Structures are given as structure tokens and as C-alpha cells.
Amino acid sequence: MLKQIFCLVFLFSFTANFAQQKEPLSHEDYDLWKHIDQVKTSKDGEIIATTVSTTTNRGDGYLKIFNTKTGNASDFHNGYNATVSVDGNYIFFLRKPDYQVTRQEKKDEVKKDEQSRDAFFIYDVRNNSIYDSIPGVKSYEVPKEESGWVVIEKFKETRPKEDSAAVKAEQSADTTAVQKKKNPAFDEDYALVYHLQNKKRDSIFKLKAYQLPEEGETFYFSTTKGEKKGDIGIYQYNVRNSERKAIDTGRFAYEQLAVDNKGSQLAYLSARDSTENDSLKYELFYFKEEKLAQVTDTLGKNLNEDWELSNAQAPYFSENGERLYFYSRPERNFDVDTTLLKEEVPEVDVWNYQDKLIQPEQKAKLKELSNRAYLSFYSPEKNDVISLHDETLEYVILDDDAEQQYVLGYTSSPYDVSRSWEYPWSSDYYIIDTQTGNKSLALEGASGTPYLAPNGTHAVYFDIKTGNWWSLDLTSNETKNLTQGLGVAFFDEENDVPADPGAYGFGGFTENKEVLFFDQFDIWKVDLAKAAAPEKITSAGRENNVQFRTLRLDSEDRNKASYLNNRLLVTAFDKNAKSSSLFTLNMRNGKLQPLIETEDMILSGFHKPEDAEMLLYRKQNFRNYPDLFLYRSKRDASQRITNVNKQQEDFKWGTAELFSWTSYDSIPLQGLVYKPDNFDPDKKYPLITYFYEKRSDNLHSYSSPQPSASIVNMPYLVSNDYVVFVPDIVYKEGKPGESAYNSIVAGVEALEEEGFIDSENMGIQGQSWGGYQVAHLITVTNKFKAAMAGAPVANMTSAYGGIRWQTGISRAFQYEKTQSRIGKNLWDGLDLYMENSPLFGIPNIETPLLMMHNDADGAVPYYQGIEMFMGMRRLNKPVWLLVYNDEGHNLTKVKNKQDLSIRMMQFFNYYLKGEPAPVWMTEGVPAVMKGKDLQYDLEEK
């Protein structure tokens, strides 16, 4: 008995010591974490190529090649951008130089032309070895449906550094000696046509552009004399015999090559000689069977009157090659005063209340508006052109193959002014007959984008006003309500914004061309060609609180539902357990067959090889990174393909749990509680509360330790002995601040009752909409000892009239109709705007506040953070504002993310853990110190 007790004590002691050996995460550990960038497979599923890189890009990654048939696995250092040949025999990929090498070169200011370059590799699948490699490569391209060759773009070769004595000797050599032929590879970038069978390489110099077909052994390329010098010509290249044939030469410019799937048809834009590049007038040419035809010209052939060909968009062929699509537009003749010098031309934006789009939106969309053009197609067989739309319609929706007789066009123009305050945004949709170009108005003021059905005669759309799915008969222009009277809602029943609720979702089209759509829990199908009522094909969703959804995995047709072994693939999300599973559904009898079932995991990243009945997927929870797994059959356990973050075992982590409470206004709510490893319920932990709308469904989501773009990092916090609370929030119209208080503070108090929270050391953090709520909460409660708000709206009265600078649109709509949830305009609801504005509650603040608001924020105007800072500064409230230069709403530069992570945690550690304050908090960072001294040092106690 004593021996057993001793063994138990020893085992407990060993386990405790082992756990204690694990280190807490530090800011220096972020670079250790990797993530899966890309997964490619062969058509038969035999080969899986997975690209893995560091989450911060400060380090090296690798390409993992796994053979599902042999079990062989190979890792290639810094490999990326992999492509599997169509026959599965080869894998092409690039390899980056080592991170430390490129970093040192930048530090040493090595000239760009002399810096290390990517290399190109060919992996031989059958021999499990590298077949060949080529250094100094820019990019490569492989024909989608053809094996045996690849086109590689290379940087110009680096000249060897010659010995000075050898150079002098060469200069004094006999001048009658035959001069060596100059090698253009040392003077310019070029391309290689690489033949896999014999490793033969054929060079193409002066390359401008090239276009590969999906199949065949012919491709096309253009060549140029150099920038602003003009082009040389368009050429056809025969891969079988390495022959190149001139198709068109002698014109000034050749642009926008297009080729059909088989490589038998070519189209391109060309312009005659011109002294001014911006005055080039382009024409469309078509080539087939050694014959070159001119489709349009500068005199208006096959164009609308006073229209011109647009060179901003590339022409393209339909799937069957019977249509050549191209773009044209009205000629633009600006009244430019050429007598003025550049410095004499005024720079002014003229805002006009009658403008459809306000000036900032026009500027944000300047390239799109400048390049706007309209679609037509040329029929080589009929030798005619059909115009599909003009200035009355902005866009055309084609079927995936671009072959159907009936398609849709739409315009938002009638509603562009009201878009500043209305939402959802509306458009008018027209049926276009592609055989005649005739258009007829079908849907007026519609808010949901229609989906063209594969039967060619119908479209389906969700009508937000009625909350139902409808069909549109493209041949008769008749609409039909598909879901009325079915007894369930197909709109979001939990919608809590002032706008009409959107749909639960579209599930794609079945192989029998039926349409699928969702209610809150189940999947429904309907045959558009029949008068039969929709049928619910999953029966247990609502009853079991399980959300069934279809998968759409075809990258070339995202509207197509996916199958495995002739059964519909269906995911199931358990709303109680917050976990997901995968099933197949027999469409004939409605029977669900489980494929992958989990109790505490989330499934994602599904990928099906084109010709194999197997499935790749990823699964995750808070403790497990979403690695890649392979499903073959129900008989066999799933096979793990990757394990990209093995180093996690060396660090302290934590757990994620669901937590329930009731808001102050009696609404049952859920949230997430993250606890450290070796959690002791008798210990008091500092708490940080983070939130954004509803997050409880993310119970089993993994978060990588990484520098912050704007919010706290859960693994970092629990690894450093914080408890984190993430409450769900529900809102009442006109009361976003009060609603946040009722949900969040009620949840925090309920959590305090559990006994393990240090109520004297609680913090709060949020970004954007969450940042606004942080700013509001500290004006109405002193419960939190420290607060951090990213990009908060401080003053709704000034923000209402502001601009979202990234898109150039007015902010009014989001207050009246969407996330800000005021539900009224400023004049009808001024009291609500003031009540919900933190700025007016600043005198009540007793909580120290750290803010981040960046000077290039395109979502929340930068001045909002300044208003909050200046108000608190005026009243001598502790406040700090971090402004990252040329950064937007969330940080994108790793150096700035790292800085925010350090400063944010120094701030919280000072207030919630009693650690010394950093110098930047006590003394600031004067402008003369910027970029020289970061002031991270901690003050001595």
C-alpha cells in the first residue's frame, strides 16, 4: 500500500514538474507558428502538395508532398506555389531564398538585381525525387489539361565577376579575332519553354506576355522592343517541334491575349503606331486556322456609334469557343485646355448634391469608373456581333460557360443616391436575350443577387422584402414565390439590426439541376421546371438544434453542390455542442450517413480531388491547430497529413468553455471563457473581456499565437495566466450602448460569482464596433480597471456625417440600417445619437484607456479617436493613443502588429498584474525619438 502511495505521489510530482517545464508564450515566440497556405492534389488524389509558411512571414516554411498510394512524404524547404501536372507524374514548385538571407541583403542594401531569387523545381512523383531545378525564376505556368511542358519566366542572368587581369588580356587580344555573339540572357528577362521528356529548354527573348490554352500543344505570345519603344509582334508557338510562327507584326502595341480551351483560336487587341501612348486606339483581331480577321477597327466596325474598343479588359472565349467576348465603351472627348501649364490647372473636387456617387466614392472607384466598359460577343461562325449591355446597365451576369441564351444584367443607378442612408442596397435586374441583345426589366429594386440556374431558363433569388426565395422564368419574365406557406422562416430570425433580414443561405444546384436553400437548420430543394412544392431533405435539424448545410467545392463552378460516392455532401453544426460533423445524404430516400463525426472539433477546409472518391479536410479546436486530414472511406480512420505546429507542446496553453447567463433585460445568453492550463478554481485570476457581436459558436476555433492586428490574442493571454471572457451581445434598436452594457456587464458579474475572478483586476478590450462599446462602457461603469479600444467611434453625431474613406461611401446607412443600430436619421433621433456617444460621457470616466486609431483608417474616421483622446486629455483622464502611420482599420505590417502586442500587454500587465509601467506610458515617445527609441523599458518600482 505504501509502495502504491509512493508511486502515485511520484507520478503526480512528475506530471506537475513536467507541466511546470512548459514556458508561457512571449512576444518573441510568434515567429514559431506556421499555417497552411495552400493545398493542391492530383486529379486521382494520389498526390497531396501542402504549402506551409510562418504566420508572421518572419521565417522559413516548406512544401510537403504526400503520396496517398505509397505513404511516402517529402518536405522541401521554402517550397511554395505548387502545381500538380494533369497526369499526376510531376509537381512543379518555386523555392524562396532563406528568410535570413533576404533579410541580411535588405539590411546590407544589396541592389535589387543582385538579391537572391526564387528557384524553380520539378519533382518526379514516380521516382520520389527532384527531376530538375532552375535558378532565378520569376514565375511559371502549366497548361491545365496538358502534360509534358511548362513555360518558365526567368530573371536575366547575372554576369560572372571577371578577373581584372583577364579583362585586360582580352582587351589586348588580336582585334581580328571573331567577336563572341552577345547573349541576351544577360541583358533582359526572358522565358523558357521546358520539355519534361528530355529536359530541353527553348528560350523566348523580348517576351511581353503569353497565354496558354487548357489543352493542346500550341500557345501564343507577344514580344516587345522595350518600355515606350513599341512592340514587335504576336507569335504562335508549337511545343511539339519548338517552332514559332509570326501571326501579326509591325504594329505599335499588342495587348490582352486570349485563347480558347483547345488553343485553336486566338484573340488580341492591337494599336497602330502613335507618338503618345495615351492616345492609342485599339482594334480587336481574331485568328484561327492560319487566318487573321479584324473584328473591330478605329472607324467603328462592329461597334456602337461613337464607341471605341476598351483595352482595360481582356477578351475571352466561351467554354465551347463559339463566342468571343470583348468590351467597348463610348468615346471620351474631354474639353482640356492645352494652353495651361500643369501648375496652372486648379486641383478641386466639385461636390454636387445631384451626383449619383459622392466625390469620395468616385475617387475610391476611379480606376473602375475610368475603365468601365460594356460587354459584347463576336460569333466567328455567324460573323456577327451582339451587344449585351450599354450605359443603362453597369454589369452582366453570365452563366459559368458563357453560352446560355438568357442571362441577366443589372444597374444600381436609380438607387445610388439613397445608398448613403438605405440598406440593403438595391438594383434593377434585366433579362438579356444573347441571340438578339434585347433587354427586359424583370426585378425592380431587388436587394439579393440572383443565381442563374443550370437549366438555362431560370434564375433564383432571395427577396428581402417578403423574406422568401423566388424563381424567375427567363423565357417568360414570370416570378414565383417558392417558399411561401412552408411554415418556417428562410430569413435570419435572430436579426437585430434595423434593416430587413437576409437569407440563411443558398445551397447550390444539384446534379439534377434542382436548387437548394436553407432555413435556420435544414436544407430544402425544389425543381424549378416543375410546379411541385419545395421538399425538406434533412429532417432532424430543427428538432436537434443542428444546422445542416451543403458543400460547394468545385472551384470552377461554386454554384454546384458537391457529392461523394454519388451522395450529397452535408455538414452539420451542433448549436448546443458548437461542434461540426460531415455526412452524405441519399437524395432518393433522405438518409444521412455519417462520414466524420466529432464531439469537440470544427471541420473546415474541405477539398475533393477531381476524379477520386476521397476528401481532404481540416479539424480544429482551441488546443489543436487545423491540420490536414484525409478521408478515404467509413471503414478506415482518417489519416493525418500535416502536423505544422509541433512546438506548441513546449508552451503553456489553455482551455475554452461555454458559459451561460441572463442579461439585465432577461435575455438568455452564451459566451466563451478561456482558462489557463493547470487552472485552479480556488485561485483569483485577472480577467480580460473581449467581444464582437456573437462569438460563442467559435468555442472550438483555434487561434495561433501571433502579433495583434487589433485585438487580444487568446493563447497568449491564457498562457500568461489571464482568464478571458467573450460574451455574446444582443441589441435593441436605438440602444446599442445600453444593450452592450446589459449583455456584457451582466455576463462579467455572473462570471465573478464563479469565484475565480479577481474582481479588482478586470480589463476590457475591443476593436471597431467592439472598440466603440469599450469606449461607451467606461462612461457608464467603473467595473473595469483598464480598457483598450481599437478604432472606436466616440461621437455618433459627427461620425454619422462622415465617410468610410476606403470605399468612399457615406457612413449614414450603418447608423440608420445596420451595425450601429440607431434606426433613425440624425435629425429624428438626435437624442439617441448623443445618448450612445461616448464623447458626452467622458466626465464620468474613471478607467484608464489605451486606444489605437490609425491615420489611414478607411472604415472609422481617424478623427473619432482624436475626439475621444482630446476630450479625456482636457479632463485629465489617463489616456494613450497609438497611431500607426499609413495603416488602416486593422494593422497589416508585422512590425506594427508586434509593437501593438507589446504595448497593449504592457498596459494591461501594469494595471491588472501590478507590473512596472513602461516608459512610453509614463514619459511618452517624443517625435524626435520616433523610430529611434521605442520606450519599451519598464520603470523601476
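1. Some ground rules before you start. This is a predicted model, where local features need pLDDT of at least 70, side-chain atom pairs count only at pLDDT 80 or more, and totals for chains, interfaces and linings use all residues. Residues are numbered from 1 along each chain as its sequence is written, and side-chain values use heavy atoms, with hydrogens and water left out.

2. Let's begin with Thr-68. You'll find Thr-68 in the loop between β3 (62-67) and β4 (73-77); strands here are DSSP runs of E with at least two residues, helices are runs of H or I with at least four, and both are numbered from the N terminus. Thr-68 has a relative accessibility of 9%, so it counts as buried (buried is under 20% relative accessible area, exposed is over 50%, and partly exposed is in between, using a 1.4 Å probe and protein chains only). Its side chain reaches the backbone oxygen of Gly-45 at 2.9 Å. Setting aside neighbours within four places in sequence, Thr-68 is in contact (heavy atoms within 4.5 Å) with Gly-45, Glu-46, Ile-48, Leu-630 and Arg-632.

3. Next, Asp-202, which sits in strand β12 (residues 201-205). Asp-202 is buried too, with a relative accessible area of 16%. Its side chain and that of Arg-244 are joined by a polar contact of 2.9 Å. That term means a pair of N or O atoms within 3.5 Å; within protein, one must be able to donate a hydrogen and the other to accept it, and residues adjacent in sequence count only if both atoms are side-chain atoms. Not counting residues up to four places away in sequence, Asp-202 touches Ala-191, Leu-192, Val-193, Tyr-237, Ser-242 and Arg-244.

4. Now for Ser-555: buried or exposed? Ser-555 is exposed, with a relative accessible area of 58%. Look for Ser-555 in the loop between β38 (546-550) and β39 (563-564).

5. Most residues other than glycine have a negative phi, and most peptide bonds are trans. Asn-81, in strand β5 (residues 79-84), has a positive phi of about 50° although it is not a glycine. Asn-128 also has a positive phi, near 50°, and is found in the loop between β7 (119-124) and β8 (129-134). Asn-81 is partly exposed at 30% relative accessibility, and Asn-128 is partly exposed with 32% relative accessible area. Then there's the peptide bond from Tyr-423 to Pro-424, which is cis, with omega near 0°. Pro-424 belongs to the loop between β27 (406-411) and β28 (427-433).
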